[in-house]
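Here is a short briefing on one structure. Keep the sequence and the 3D view open as you read.

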Amino acid sequence: MSAPAGDDVLVRVEKLVKHFPVRSGGLVRRTVGQVHAVDDVSLSVPRGKTLGLVGETGSGKSTLARCLAGLIPVTSGRVTFDGRDITNLPRRAMQPLRREIQMIFQDPYSSLNPRRRVGAIIGDPFAIHKTAAGAKRKRAVQELMERVGLNPEHYNRFPAEFSGGQRQRIGVARALALRPKLIICDEPVSALDVSIQAQVLNLLADLQRDYGLTYLFIAHDLEVVRHVSDSVAVMYLGRIGELGPRDPVYGSPRHPYTTALLSAAPAADPDTAAIRKRIILAGDVPSPIDPPSGCRFHPRCPKAQPLCSQDEPQLEIKAGDAATHVTACHFPVMAGENLAAVGRSGSS
Amino acid sequence: MSVGGIEVEGREAVAAEAQLDTANVEGRTQWQLTWRRLRQDKVAMASLVVILIIVALALAAPLFVSITHHPPNVAYPNTGEDVAGNPVGPGTNGFWLGTDGTGRDLFIRILYGARVSLFVGFVTTAIGAVTGVSVGLIAGYFGGVVDTVLARFTDAVLAFPYVVLALALAVVLGPSLSVIIAVIAFFSWAAIARIVRGQTLSIKEKEYIEAARSLGAGPFRIIFLDILPNLLAPVLVIATLYVPIAVVFEATLSYLGLGIQPPTASWGNILADAQNFYQTSWWYVVFPAAALLITTLAFNLLGDGIRDAMDPRTERVFAAGRARRRRRRGKRQALADGGSDVSHVVPSVPPAGGS
Amino acid sequence: MAIVGFLIRRILTGIVVIWLVATGAFFLFFARPVDTVARQLAGRAATPQVINTVISNLGLNQPIMVQYWHFLDNLVHGDLGYSYYTGESVDTMLKQDLPPTISLVIGGLVLWLVVGLSVGIISATRPRSVFDRSANVAVLIGLSMPVFVIGELLILVVFVPLNRHGITFIQTGYAGISQGLGTWLGHMILPWIALAAVQAAVYTRLTRGQLLDTLGEDYIRTARAKGLSERRVTYRHGVRAALTPVVSQLGVDVGQLLGGVVVVETVFSLGGLGQTSVEAIYTDNLPVIIGFVVLAAAFVVIANIIVDLVYALLDPRVRIA
């Protein structure tokens, strides 16, 4: 996995599978298919570190996050938190764990109840877990507000009176309230203006340092992930394509999909930008109800060979990579290769 | 955050705001904002006044009896009927609006009819609202089998011809006030439940519900703290729009003879008897009809007004710049700013029995 | 074909529904103490002998399930019993009352759909115009008025003055087509307006709302950008999409239509099924009422099947499943 043996792992996911049944309409619903949202995913996050999870819409990253948070039941596989198996725990058993696993949501406009005051929203965790009440709770909430960069005197305001960036801070304060160990950030900055994104990301980094938090950071934007992550996992259609520490993955990506994603991001250096060509992937993301055979990426992969449609590749260390950098690909991208020049019939 | 309408972020904004505002400013609740908007709607305000007047008149009915000396069920064949035995017109012999078929004071009877109508309207709507909200919430929140069963049952009730039910109950129980209340409540809870269920389903999809669950909140906490407060707005609109439906229902059933029986006055049975006097006594039809029409119109206009006041798309109370940006961000944010999506809250088609 | 399967399924469900309704009505009325039932049937002034005669004639002493069986048996054979009041068979009575009701229903339905849809469409295509605003006012008034009030006002304002001036075209009561098309129209036109008015208001508002929503959609904007004429855009694309909720609303409204029919028949003395069944209440004429209840259920079921068929026709996405 991404952490060498012996390292302190906080969260481990083993062979996680999540399928959603597709039902036909009518009075008696029959199951006519399955949405393969997450298919056999294994990864782990070391304590105090950040794992960035990247993928397009439909890659299954949000589903994976929710399985981890215990919000949706798992079809098969195992989730381990701090040494405990927490897979599909009943609500009562899961309850104390909710203090340790928290989530920050994507949409600042719908992740806060518009009818409730901000102080009440941030104070919710204290109320639910009965850890502080009355004046003590108010003080704790105001401290939190200050910590995340909000004016504690706005305790009685409604979410509508805050900007998008501030609403996300409210969400962060709420997640932070009970000093969790793990915070799952589900695209926390995707809905924010670019200039605000940096501020929120900096806040998250500060908090991680101060409180020893562990993050699972989900995003579709590679540049954002590069900024915050210690290690990165790239997901496609429910499976992990590439997994490893940040620098090797960004510096020498092995999976064609990773390479394509990286090429789409604008390069800061104009010279590099001139040289680097966009890799355009053919087609659209297929439906997760009927994923392609073999390697799921093969219909769009510029390097695809007949083997790719027959045999599903497993995560393996590729030539020259560290033990922590694994890729699931039969024909990984090697150093010096320019994928943009490769046609589908593919010569390397 | 916004300082004087300009978006400013970061610590400078916090400092600037601290200079502008006093400490511990309380945000205005959604209700306060709605009331402000409602106050500016002249039509809605007028309707509210009309309703209050009608309620006052209905409550003051005994007072009017002592002024005119005409109790509602007492006939005055001498002063109240002309030579041919027909009702006398408005203003004659101390009958302010004339008399009815047996020489009773029409104005007084209309007032007492108002008491019946308003009573039925409020009581049945209250019953319907409480039941409807409960059923709709449970069906919407818990989903699955519970939802399927409840939703289908609700649909079946809604499609049921109310007249048939009224007929059947009238046979068994005898025509009475109970029949009316039973039938109307039977229908209105289903209509309200259906709307509440729809609202609950859409609220359930919001991320803040998911956030509450991820915090460990149990179903009751989520229902009472997160869902119910967001439901109150549409429910208020629906309730206001259902009162006139109930009033018309009662009038129709009494008209058909299935409800309030004479000599007790109800606008419905007054208008039923008025049919015998088309040729001679227009006031006997016009005044009760006008009372009915004004009452239902007032509630309908008020309900529409409340709905518009709650729907943030229709009015901008804030600065133009902010409003422009809000419009660009669209409805999604406008809803998050404290409005609720009540634009589609329309009561089910009122029964053709007049609703 | 899928349609055949659909029809069969719906007809079977419909039969079950009708059976349930008939059963419910039967038990509601007859599962009471024998004395109560007999007394109600025999009339308020009945002596004990009369009551006993009624009990033995109608077999009210038999166990309830036996009575129920007889009831079902008769029902299936189309025999709804005899009116206690007039002695006629209920079937005959109901058949006599059918023509006015059918005239009323069909005419009213056509009128309300035509007016509702056209006013709604025109309003939506000319939002905020004078037409739209006045239509809105009319709708609001129409929604607030009970059907019987509209009926009474119509009589007061149209029939009475016309009659007074010797114009006898408009009449109350019913006259079949056999008595002349003009006569029939003259009798039916006010009832049609009364029945249609409220529903037309509802449908105008519904159509207008749906059409406005649809016309705001992106694909309409695309059609316009493609250069299609405004009329084509509105009718071909907009109206078609807007119609589907209207049609599904119709299914629900069928039940309410019955209420309107009963009221209008009473106001205008048309003597149809509705009026007869209401009058049956005054005479405690149970068989007539049960007959009406069963017929009403059948009507609702059939109407819903038709509506579903039309809906599937309009919206190709709907599978007849």
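Is strand β3 (residues 50-54) of chain A mostly covered or mostly open? It is mostly covered: five of its five residues are buried. Bear in mind that this is a predicted model. The points below start with confidence, move to chain A and its strands, and end with chains B and C.

**How confident is the prediction?**

- The mean pLDDT of chain A is 84. A score of at least 70 is reached by 89% of its residues.
- Among the elements of chain A, strand β7 (residues 182-186) has the highest mean pLDDT, at 93. Helix α10 (residues 270-275) of chain A has the lowest, at 58.
- Residues 1-6 of chain A have a pLDDT below 50. Beyond near neighbours in sequence, this stretch has 14 contacts in the model.
- Residues 343-348 of chain A also have a pLDDT under 50. Here the model has seven contacts beyond four places in sequence.

**Chain A as a whole**

- Chain A has eleven helices and twelve strands.
- It has 348 residues, and 46% of them are buried.
- Take the contacts in chain A between residues at least 6 apart in sequence: 65% of these join residues at least 24 apart.

- β3(A) is covered on both faces. Thr50(A), Gly52(A) and Val54(A) lie on one side, and they are all buried.
- β3(A) runs parallel to strand β8 (residues 214-219) of chain A, and five bridges join the two. Across this pairing, Leu53(A) stands opposite Ile218(A).
- β3(A) also runs parallel to β9(A), with four bridges between them. Here Gly52(A) has Val232(A) as its bridge partner.

- Tyr236(A) sits in strand β9 (residues 231-236) of chain A.
- Why does Tyr236(A) count as buried? Because 25 other C-beta atoms lie within 10 Å, and the cut-off for a buried residue is 20 or more.
- Tyr236(A) and Val54(A) are 182 residues apart along the chain, yet 8.7 Å separates their C-alpha atoms.
- Leaving out residues up to four places away in sequence, Tyr236(A) touches Gly55(A), Ser59(A), Gly241(A), Tyr257(A), Arg296(A) and Phe297(A).

**Where chains B and C meet**

- Chain B gives 40 residues to the contact, and chain C gives 42.
- Which elements of chain B give two or more residues to the side that touches chain C? They are α6 (144-159), α7 (162-173), α10 (219-256), α11 (267-274) and α12 (282-310) of chain B.
- On this side of chain B, 30 residues are nonpolar and ten are polar. No residue there is charged.

**Chain C on its own**

- Chain C has twelve helices and zero strands. Its pattern along the sequence reads α-α-α-α-α-α-α-α-α-α-α-α.
- Along the principal axes, its C-alpha atoms fill a box of roughly 85 × 60 × 35 Å.
- Chain C has 321 residues, of which 40% count as buried.
- Among contacts in chain C with a separation of 6 or more, 72% join residues 24 or more positions apart.

Definitions and conventions. Residues numbered from 1 in each chain as written. Chains lettered and ligands numbered in written order. Predicted model: local features only at pLDDT ≥ 70, side-chain atom pairs only at ≥ 80, totals over all residues. pLDDT = per-residue confidence, 0-100. Contact = placed C-beta atoms within 7 Å. Buried ≥ 20, exposed ≤ 12 C-beta atoms within 10 Å, placed from the backbone. Nonpolar A, V, L, I, M, F, W, Y, C, P; charged D, E, K, R; others polar. Pairing = 2+ DSSP bridges.
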